[in-house]
Amino acid sequence: MKSNLSLPPAPPWQTKPAWQEANRSIDGLIQRYADKLSPAVTLAALVRARLESIFNILDGLCIESCPRCPDPCCLHASPWFDYRDLLFLHLNAVATPVSQPIDVLNATCRYFSLRGCTLERISRPWICTWYLCPVQTGNLNSRRSHQRKDLASALNEIKAFRKALEETFIRVTA
C-alpha cells in the first residue's frame, strides 16, 4: 500500500547549466516583454520594499540566537530558489547567486559559513527569510512581542505580492 506522505521535491535547476539556462530564459522573457511588464516590476519593487522593512527585525533575531546555536538550521535546511525567487531577483536587478544553495535534498547549503550566510539578505531564497527557528520564535513572542505583528503582517503581504508577481509575469509572457 502506498503512503499518502510524499517526499519533498528536489530542488529545480540543480546543475550549473540548468541554473544558467533558467536565469537566461527569465532574462530573455523580461527583454522580450519589457514594455508589458511594468505591473510585474511594480510588484517586485513592492516585495523588495516590504522585505527591506523587516531586515532589521530578522537581523536582530539572528544576532540573538545564531552565534550561540549548537545546531544551526542552515546545516540541516534544504533551501532553494523557486521561480518566484528568480522573478524577484531579475525584476529588481539583483544579481543571482552562482547556483542553487543545494544540489540534492539533505545537502548543506553552499552559502553557509561560520559567520552566517554568505549571501546578502536580499539575495536569499524566500524560505531563508520567512523561516524562524523555535528560539527565534520564542524571542519574538516574548522579548520582541511588539514586532511580532509587524513581522507577521509583512510576511503575509510579501507572500501575496510574490504570488501576484508570478501570476502577472506568466499572464504577460504566456
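This is a predicted model: local features need pLDDT of at least 70, side-chain atom pairs count only at pLDDT 80 or more; totals for chains, interfaces and linings use all residues.
1. A pair within helix H1. Arginine 24 is joined to glutamate 21 by a salt bridge whose closest N and O atoms are 3.0 Å apart; both residues belong to helix H1 (residues 16-32), where 3 residues, or about one turn of the helix, separate them. Glutamate 21 is partly exposed, its relative accessibility being 39%.

2. A pair between H6 and H2. Glutamate 157 and arginine 50 meet through their side chains in a salt bridge of 2.7 Å, N to O, and this pair links distant parts of the chain, since glutamate 157 lies in helix H6 (residues 145-173) and arginine 50 in helix H2, 107 residues apart. Both ends are partly exposed, with a relative accessible area of 32% for glutamate 157 and 22% for arginine 50.

3. Arginine 162 and aspartate 85 are both buried, and together with Asp82 they make up a network of salt bridges.

4. The cavity. The structure holds 1 cavity of 30 Å³ or more, and the volume of the largest cavity is about 90 Å³. Its lining comprises 13 residues, among which Leu51, Asp85, Phe88, Arg124 and Trp126 lie nearest the centre; helix H2 (38-65), helix H3 (83-91) and H4 are the elements that each give two or more residues to this lining.

5. The largest pocket has a volume of about 1,000 Å³ and is lined by 37 residues, with Cys62, Cys66, Cys73, Cys74 and Gln136 nearest its centre. Two or more lining residues come from each of H2, strand S1 (112-113), strand S2 (116-117), H4 and H5, and the largest share, 6 residues, is that of H2.

6. The buried face of H5. In helix H5 (residues 134-142), the residues Gln136, Asn139 and Leu140 are buried; seen down the axis of H5, the buried residues fall within an arc of 100°, so they line one face of the helix.

7. A nonpolar surface patch. Ile127, Trp130 and Tyr131 form a nonpolar patch on the surface, with about 280 Å² of accessible area together. Isoleucine 127 is placed in helix H4 (residues 126-130) and is partly exposed, at a relative accessible area of 35%.

Key:
Residues are numbered from 1 along each chain as its sequence is written. Side-chain values use heavy atoms; hydrogens and water are left out. Buried means under 20% relative accessible area, exposed over 50%, partly exposed in between (1.4 Å probe, protein chains only). Helices (H or I, at least four residues) and strands (E, at least two) are DSSP runs, numbered from the N terminus. The arc is that of the directions from the helix axis to the C-beta atoms. Patches are made of residues with over 30% relative accessible area and no salt bridge: like charges are joined within 9 Å, nonpolar side chains (Val, Leu, Ile, Met, Phe, Trp, Tyr) within 5 Å. Accessible areas come from the Shrake-Rupley method with a 1.4 Å probe; for residues, only the protein chains shown count as cover. A salt bridge is a side-chain nitrogen of Lys or Arg within 4 Å of a carboxyl oxygen of Asp or Glu. On a 1 Å grid over the protein atoms alone, a cavity is a set of points where a 1.4 Å probe fits but cannot get out, and a pocket is an open set with protein on both sides within 12 Å along at least five of seven lines; lining residues have an atom within 4 Å of a point. Grid points are joined across faces, edges and corners, and a volume is the space filled by probe spheres set on the points.
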